[in-house]
Amino acid sequence: MTATDASGAEPLRLGTRASLLATTQSGHVAEAVRAVTGRPVELVPITTAGDVLTGPLAQLGGTGVFVAALREALLRDECDLVVHSMKDLPTADVAGLAIGAVPPRAPVADVLCARDGLTLETLPHGAVVGSGSPRRVAQLLRRRPDLHVRGIRGNVDTRLRKVDEGEYDAIVLAEAGLTRIGRTDRITDRFDADSWPTSAGQGALAVEVRAGSPVAAEIAAITDADAEITALWERAVLRLLEAGCAAPVGISARRAPDAVTLIAEVYALDGARTVRVAHSADPAELATPAGRAAQAGVVVTALMDAGAAELAELGPRPAGDPR
């Protein structure tokens, strides 16, 4: 049984992966939750399959391998809430769980971390660039078909060290992660999300709770309206596309005062062909799950009409696929 603190309040147990990035972003969420609830929050480290297995993520089941253990611990009441990187969260609903809060979003862009301050344009012919994401591979090859793009695993510092040691000339990472752990000095090039859309929900966090738990009402105040609308609309598009974990799909939404504009691109794996759709919607239309689903339908219909299914594996997944 969890002990109460000096004020008599029982701590909230926040489940998190144990990596530096995960504990850092979970620590930020814990501070925000303490501020709005007045309750202490303790971190509960949880090891996921993605932390211990090796090999390409697509072969391990996609980014969902980072999520399953956290969700199981939540369902077993080993913690009261868990924090996920939104982009790692499969879009399929899980019985008994719900997203209780979406905190303010970090920068959404992908960035290049290269040796000698090189940019994507100035990398030498045939340079070796590390990325395990089919989307990023396709985007890199679309702009620089001469590059040799190799898979890469490991935490942020491990990947950066592989550049320092000469194994790679550059790697592509999410700016959000580098920002959260104070490594932005390693960025040598930034890719604008309008021309280089990222993974759905990149830069956003999802705080998941048990459905119907009073914790949901307690933590709702840490939600940022803009982050919630943009990230959840991106997820709604991904869900309707029914994209497998290996599908090269980029989706980024941006909030302006009077509208939210979403860019969605589907790529051939070699980057040679791309289907792109831009669609704007009134923020009020995106304030509910039904509204986001309706606007996602407009985007997905346009992508399919333009031939997206000819470029990537989209549509219904086999039984048991977590997406």
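Q: What percentage of the 323 residues of the chain count as buried?

A: The model is a predicted one. Buried means under 20% relative accessible area, and 52% of the 323 residues of the chain count as such. The secondary structure comes to 10 helices and 13 strands. Of the contacts in the chain with a separation of 6 or more, 68% are between residues 24 or more positions apart.

Q: Is strand S1 mostly covered or uncovered?

A: Strand S1, residues 12–16, is mostly covered, with 5 of its 5 residues buried. The cover is on both faces: Leu-12, Leu-14 and Thr-16 are buried on one side, and Arg-13 and Gly-15 are buried on the other.

Q: Which strand is joined to S1 by bridges, and how many bridges are there?

A: The general idea is that strands of a sheet pair through backbone hydrogen bonds, either parallel or antiparallel. In this chain, S1 is joined by 5 bridges to strand S2, residues 41–45, and the two run parallel. Leu-12 has Val-41 as its bridge partner in S2.

Q: In what order do the 5 strands of the open sheet stand?

A: The order is S7-S6-S8-S5-S9, and the pairing is mixed. Strand S7 (148–150) and strand S9 (189–191) stand at the edges; each has a single partner strand, so one side of each is left without a neighbour in the sheet. From one strand to the next, the twist averages 25°.

Q: Which way do S6 and S8 run, parallel or antiparallel?

A: Strand S6 (residues 128–130) and strand S8 (residues 170–174) run parallel, joined by 2 bridges. Gly-130 has Ile-171 as its bridge partner in S8.

Q: Which strands does helix H5 lie across?

A: Helix H5, residues 134–143, lies across strand S5 (110–114), S6, S7 and S8, and runs at about 125° to S8. Helix H6, residues 156–164, lies across S5 and S8, and its angle to S8 is about 160°.

Q: What is the volume of the second largest pocket, and which residues lie nearest its centre?

A: The volume is about 520 Å³. The lining has 21 residues, of which Thr-91, Asp-93, Ile-99, Arg-235 and Arg-239 lie nearest the centre of this pocket. By class, the lining of the second largest pocket has 13 nonpolar, 1 polar and 7 charged residues.

Q: Where does the largest share of that lining come from?

A: Helix H9 supplies the largest share, 6 residues. Strand S4 (97–101), helix H9 (225–241) and helix H10 (289–305) each supply at least two residues of the lining of the second largest pocket.

Notes. Residues are numbered from 1 along each chain as its sequence is written. This is a predicted model: local features need pLDDT of at least 70, side-chain atom pairs count only at pLDDT 80 or more; totals for chains, interfaces and linings use all residues. Side-chain values use heavy atoms; hydrogens and water are left out. Two strands pair if DSSP finds at least two bridges between them. Helices (H or I, at least four residues) and strands (E, at least two) are DSSP runs, numbered from the N terminus. Axes are lines fitted to C-alpha atoms, for helices over the stretch in contact, and angles run from 0 to 180 degrees between N-to-C directions. Contact means heavy atoms within 4.5 Å. On a 1 Å grid over the protein atoms alone, a cavity is a set of points where a 1.4 Å probe fits but cannot get out, and a pocket is an open set with protein on both sides within 12 Å along at least five of seven lines; lining residues have an atom within 4 Å of a point. Grid points are joined across faces, edges and corners, and a volume is the space filled by probe spheres set on the points. Ala, Val, Leu, Ile, Met, Phe, Trp, Tyr, Cys and Pro count as nonpolar, Asp, Glu, Lys and Arg as charged, and the others, Gly among them, as polar. Buried means under 20% relative accessible area, exposed over 50%, partly exposed in between (1.4 Å probe, protein chains only).
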